[in-house]
Amino acid sequence: MKKMRTKKKVMTVSLKTSDRKKRNNRISYALVFLVLGFILSFSYRTLGPGSETQQLRSQIDSKEEGFREELIEQKERNKQLTDEISSKQKTIAEVEQTLSDTEENHDLLVKEAKSLRLLLGVVPASGQGVRVELADGDYDPAEQNPNEYIVHESQVLLVVNELKIAGAQALSINGQRLNANSSIKCTGPVITIDGQTYPAPFVVEAIGDSNALNSSLMLKGGVMDSLLSDNIEMKIEKRKEILMPALRDDIQG
Amino acid sequence: MWLPILGLILGVSLGFLSDIQIPQEYGNYLSIAVLAALDTLLGGIRAHLQRVYDDQVFITGFFFNILLAAGLAFLGVHLGVDLYLAAIFAFGVRLFQNLAVIRRVLLTKWSEYRKVSTTNTSK
């Protein structure tokens, strides 16, 4: 009997401990599931769809997309601008080409104008040239006709024309500038150039290539020979620098 | 039976309703903790089905795994080693192994049950 009772007591004690153990287990399980639920829901809330992180990410994505589109747009614009630049540069090159052409033309025109102006005699001229002095021959008592040894206007004209043909840019006689319309007239012992009278000796100055001018005058059978045969004293000098005044206004009209 | 379910409900509601914000860069630890928790849970179920289940091992393993995984990942970030990748890999592999074992055990149990039921009916 006693043995039985003790056995029963032992049984109840073991039951009690198993009960407590079970309850402890349940509490621990509850804790485990609580933590599990918390972690799952929390991570869903923080990392899942519709969460702040996701929203941020989608925002960043859309921003990136926008930037990318902007970049593409900018690149296209760049390309467009580059094309525009190249076409503009082409135009510039063309314009420059025409400009340089016109400048060349302009240069030529300026040169031409300069030489024309020199020929017209409206500007003072300077440069290399020749100086031709024509003087009357020595008085020869044996000669009755003084025409045989004085300088005639035709001879001056000959010299002047020869110089012009040889490329003289500017001419003057005794300091009187000649232009294209100048006239040389014979008035007895003197000659009249554009209304101004000059006595002998006549000094014809020409600006131009001095060698060419000189050799044109010195041609065999040319001006020099014919003048010398007319008993005229003729001196030709090459000058490095000849200064010539402009045509005087009072004569020009 | 109702106590663990109550705990689960309480945990879920706590997780949804709590106003705790964690910085972006700690998201990795959270995901590792989730993985560890799921792994331990599945491990517990497998152990139960294989009749080698132990309360102490399960409960300590649950909390310890979570803390260890998150802590290791944290350490890895601070050491410049991507340890959270290792944790994800290890837990993922174990998770699928556990799932496979559970599936197999359940399959054998089911076929046994069917055999028993067919013998019963044939009798």
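The model is predicted: local features need pLDDT of at least 70, side-chain atom pairs count only at pLDDT 80 or more, and totals for chains, interfaces and linings use all residues. Residues are numbered from 1 along each chain as its sequence is written, while chains are lettered from A and ligands numbered from 1 in the order written.

**Chain A, residues 52–120.** This is helix α2, with 69 residues. Helices (H or I, at least four residues) and strands (E, at least two) are DSSP runs, numbered from the N terminus. At 1.5 Å times one less than its number of residues, α2(A) should span 102 Å; its end C-alpha atoms are 95 Å apart, which agrees. The number of buried residues in α2(A) is 1, so the helix lies largely in the open. Buried means 20 or more other C-beta atoms within 10 Å of a residue's own, with C-beta atoms placed from the backbone. Step on to A:Gly121, which follows α2(A) and has a positive phi, near 80 degrees.

**Chain A, the sheet.** Select β4, β5 and β6: an open, antiparallel sheet in that order. Strands pair if DSSP finds at least two bridges between them. β4 (184–187) and β6 (196–198) of chain A are the edges; each has a single partner strand, so one side of each lacks a neighbour in the sheet. Between β5 (residues 190–193) and β6 of chain A there are 3 bridges. Click A:Ile193; opposite stands A:Gln196 in β6(A).

The stretch is 100% helix, with end C-alpha atoms 26 Å apart.

Notes. Buried ≥ 20, exposed ≤ 12 C-beta atoms within 10 Å, placed from the backbone.
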